[in-house]
Each structure stands twice: as C-alpha cells, then as structure tokens.
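Okay, thanks for coming, everyone.

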Amino acid sequence: MADNQAYTVALDTQYVLYDQVDTLDFSVNSLDLPVNWNNTLKVMVGGEFRVAKDWFARLGTGIHTPVTNEDFDNQLLTPPGLGFNVGTGLGYQVGAWGVDLSYDVNIGRGFGALAQGAPKTEHNATAHAVGLSLNYNAI
C-alpha cells in the first residue's frame, strides 16, 4: 500500500485443475486412494484499511465450487457442496519490513454418509487457520 493510500480493495480468482488427479498415493502406508474430483473455481474479495501510520487491518471472503459431486470422500472428508471462507488480519509495516497475523475460517457444506453403511446426513466441515508471517519488500 502506498504511504498516502488509506485503503485497498482486491478481487482475485483461482481455478484449480483437480480433475487431473486420479489417485492420492500415501507411500508410507502403501495406500492408494482413488479420487473423482472436479476442477474448482474460487472467487475472493478483500480489503485492507490503514488504521494507523504503520498498522493495517484486513478482511476478505471467498466462495468456491465443489471439489466433488459425490457423497463425502470418506478418507479425506472432502465436502461436495460449495465452500465459503472468511479471513481477517492485522499487519504492521516499517520500511521494507512487515509482520502479519491472520485468521481464516473455511466452511464446506455437504450431504452424504460419513462412514460406509451409515445413513446419509447433511453436515458441515469447518477448518480454522491462524497465520503469522514476516515479510520483506525490496521494491
């Protein structure tokens, strides 16, 4: 962010070619898991706002298409529904050096059996992530 700029807004897209993955090979356990995944599209929008001279607050959200149309992938708990995430962060920048703290929650909604023979139910898969990064911008 430029020194005189109070806020920044960004829109990003991501397209992942998951359909090129046939199996996941876990060599440690000699286990091959066949997968039938789809390509996914993720659209994200976020903003950064300068709250003080060297401090920045960030907030963003995104949605992505399903990885699979099948019931839950029992081995990997891959939800077949749309995925949604919200992230927030706080950054401190002095000169070329900065530090960022972030939190992100991802929610996937699905319908299927969580185990073979179990009844099909509607369920959510939620993941939380916290990040801390140190960065240097030479430009």
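Quick word on the naming: strands (E, at least two residues) and helices (H or I, at least four) are DSSP runs, numbered from the N terminus.

Before I go on, this is a predicted model, where local features need pLDDT of at least 70 and side-chain atom pairs count only at pLDDT 80 or more, while totals for chains, interfaces and linings use all residues. Residues are numbered from 1 along each chain as its sequence is written, and side-chain values use heavy atoms, with hydrogens and water left out.

Back to that pair, then. E4 covers residues 40-50 and E5 covers residues 55-64, and the two pair antiparallel over nine bridges; pairing here means DSSP finds at least two bridges between the strands. Four residues sit between E4 and E5, and together the strands make a hairpin.

What does E5 join through ten bridges? That's strand E6, residues 83-94, again running antiparallel. As one example, Gly62 is opposite Asn85 in E6.

How much of the protein is buried? Of its 139 residues, 22% count as buried, meaning under 20% relative accessible area with a 1.4 Å probe, protein chains only.

Last one, on contacts, which are heavy atoms within 4.5 Å: among those between residues at least 6 apart in sequence, 54% join residues at least 24 apart.

How values were computed. Buried < 20%, exposed > 50% of the residue type's maximum accessible area, 1.4 Å probe, protein only.
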